[in-house]
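The entries follow in the order I made them.

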Amino acid sequence: MCGIVGYLGGRDAYPVLIKGLHRLEYRGYDSAGIAMVSASGELNLYKSKGKVADLERFAESKDISGTIGIAHTRWATHGEPNDLNAHPHYSQSKNLALIHNGIIENYSVLRLELESKGFRFRSSTDTEVIVYLIEYIMQTNGVDLCTAVQLALHQVVGAYAIALVAKDNPDQIIAARKSSPLVVGIGEGEYFLASDATPIVEYTDKVVYLNDGEIAVIRRDAPLKIVDLDNVEITPEVKRLAMNLSQLEKGGYPHFMLKEIYEQPQTLYNCIRGRINVEGTNVVLSGVIDNRDKFLHASRIIIVACGTSWHAALIGEHLIEDLCRIPVEVEYASEFRYRNPVICPGDIVIAISQSGETADTLAAVELAKSRGAFIYGICNVVGSSIARATDSGSYIHVGPEIGVASTKAFTGQVTVLSMLALTLARLKGTIGEDKFVRMVQGLQAIPDKIKEVLDHADAIADLSKIFTYAHNFIYLGRGYNYPAALEGALKLKEISYIHAEGYPAAEMKHGPIALIDAEMPVVAIATTDSIYEKTISNIQEIKARRGKVIAIVTEGDSVVRSIADYCIEVPRVEEPFAPLVASVPLQLLAYYIAVHKGRDVDQPRNLAKSVTVE
Ligand code: M6R
């Protein structure tokens, strides 16, 4: 939810830290700050409300010398976003500075204890107690910084990724994690630290992902040392990054979101590559094949996820029940984790998460694990916490998604779920050979079909101008397209701030139809499928109440075209894959409306890309 960067080496730290903050700004962007030990031995700390660019303006005239530093971009949890609450936080003596991502649940108890010992806090954050506590332990126990961190973290309840620098030691950064990610990059005589690999990739491809309960002792001219809270040394496992720098740039697009929408033909091709054979006669999702007995004997599948990933899960439910005849339940991870769910032997839990760091989904995985379930992950970020916590899984391979509004990850998730259902259906024998090959070839064709949708982007941009000033929107769909309607509504609300609701079209008459009048835009997904006629009736009901209907229809459709006010055509595809093509015009519609409204499309208010707090 916040972004952490650190640098220790031979370069000037400031440019590395600022560039790193820009790369992590998607994780939070209400305030930012930096702490560096200067060439003259000062521990300088600069912070500012607003975005990283505001911090840069603030630091312009300051001493930004030094080859060691830590930096932070914040998404506020405790304490409003302002200069005081921004990280880093000094210790009481100002000899230490600390940054933190996560939530300290027992911070008020710790704060009261420290206040009773005479400490005076400067901010309203939960974070400040950690650095005060660490300094207090150093002073009272006469221990070094690493030992004080270990002792302090034994007292801390909650989630954290932290990094610290000390004024009197310009050659060391201490970092620790529990439930919030941290990666150490290893260069030639230099180290990088970050919440994810994006600030690191341009300097080195050698990284070590910290595990929960681990502390990295990063020292100048010395090998990386990792210890646990009890000071047991752990051998660092060095991994190679597969990502490249161009994936992290806008590549000429005005926003990451638009770039990511346009990338979808390629990202889906990458997702399918090596899994569907060239002839389109077979699909092999190795995670399913490797665990064939578990999948073959599964009595139920429970899918846990949040937000867009939850919408993909709903499509997965349709696919798996339809093709594999296994009962599926879809749960919000945030509800699942707190409602004492029944998990039986033979249940498989699938966790879907783009970032692989969503706290609620991770907690749902841990809960299911503790009840003995087999857990399968569908993640994008390689090496992420959820990917590592699951027993097996499949990456969606769509590359870094930076826009806060998820687009290419959604279509990647649905594509992996489609391949999972097809692989399993064939294993179980619940699909005939002809249908299997037709479906596999249909899925293989999706990247090209999405290219065709993108050819209509200009028309969608024009249409969006008409609806820029709407205050409400309703999105309707049925069957496979119902989750696509939910996803379309989420895209619009999160980036344009227009209120939008998604409904199964037939539910309208049970209440929401009362909202319809001549002012209400209704986006109806009405592709030609097994319930097309029923959807047409639902659209008629909207038109009878003078609602403005924007219909997503299959190319060549004339029936809906004669009823709806506006139509956007998508190519004909196999019914289960309709959301893959229908969601793209909805992404574009939301994008262009938000742009016309002058919204910050990639960093909408109050949000962050990766929700690593409850
Ligand atoms: O990284 P995850 O897929 O676990 O994230 C889940 C949601 O936070 C995420 O999909 C969110 O809803 C997006 N901003 C939607 O565009």
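In which loop does Pro-88 lie? I found Pro-88 in the loop between β4 (68–74) and β5 (89–90). I note that this is a predicted model.

**Backbone entries**

I looked at the peptide bond from His-87 to Pro-88 and recorded it as cis, with omega near 0°.

I then turned to Arg-325. Its phi is positive, at about 60°, although Arg-325 is not a glycine. I placed Arg-325 in the loop between α10 and β17 (328–332).

Two elements, α10 (307–324) and α18 (481–496), each give two or more residues to the shell around the ligand.

I listed 15 residues around the ligand, and the ones that come nearest are Ser-309, Ser-353, Ser-355, Thr-358 and Glu-494. By class, I logged the shell as five nonpolar, eight polar and two charged residues.

Next I went through polar atoms facing ligand oxygens. For Thr-358, a polar side-chain atom lies 2.4 Å from an oxygen atom of the ligand. For Gln-354, a polar backbone atom is 2.7 Å from a ligand oxygen. For Thr-308, a backbone N or O atom lies 3.1 Å from an oxygen atom of the ligand.

How much of the ligand does the protein bury? Taken alone, the ligand exposes 410 Å², and I noted that the protein buries 91% of that.

**Annotation entries**

I checked the UniProt record, an unreviewed entry. UniProt gives "domain: Glutamine amidotransferase type-2" for residues 2–221. In the model I read residues 2–221 as 25% helix and 34% strand, with the end C-alpha atoms 29 Å apart.

Residues 463–604 came out at 40% helix and 21% strand, with 22 Å between the end C-alpha atoms.

Which UniProt label covers residues 2–221? I had it down as "domain: Glutamine amidotransferase type-2", from an unreviewed entry.

How values were computed:
Residues are numbered from 1 along each chain as its sequence is written. This is a predicted model: local features need pLDDT of at least 70, side-chain atom pairs count only at pLDDT 80 or more; totals for chains, interfaces and linings use all residues. Side-chain values use heavy atoms; hydrogens and water are left out. A residue is near a molecule or strand if one of its heavy atoms lies within 4 Å of it. A polar contact is a pair of N or O atoms within 3.5 Å; within protein, one must be able to donate a hydrogen and the other to accept it, and residues adjacent in sequence count only if both atoms are side-chain atoms. Accessible areas come from the Shrake-Rupley method with a 1.4 Å probe; for residues, only the protein chains shown count as cover. Helices (H or I, at least four residues) and strands (E, at least two) are DSSP runs, numbered from the N terminus. Ala, Val, Leu, Ile, Met, Phe, Trp, Tyr, Cys and Pro count as nonpolar, Asp, Glu, Lys and Arg as charged, and the others, Gly among them, as polar. UniProt positions are given in the numbering used here, feature names are shortened, and annotations may be inferred rather than shown by experiment.
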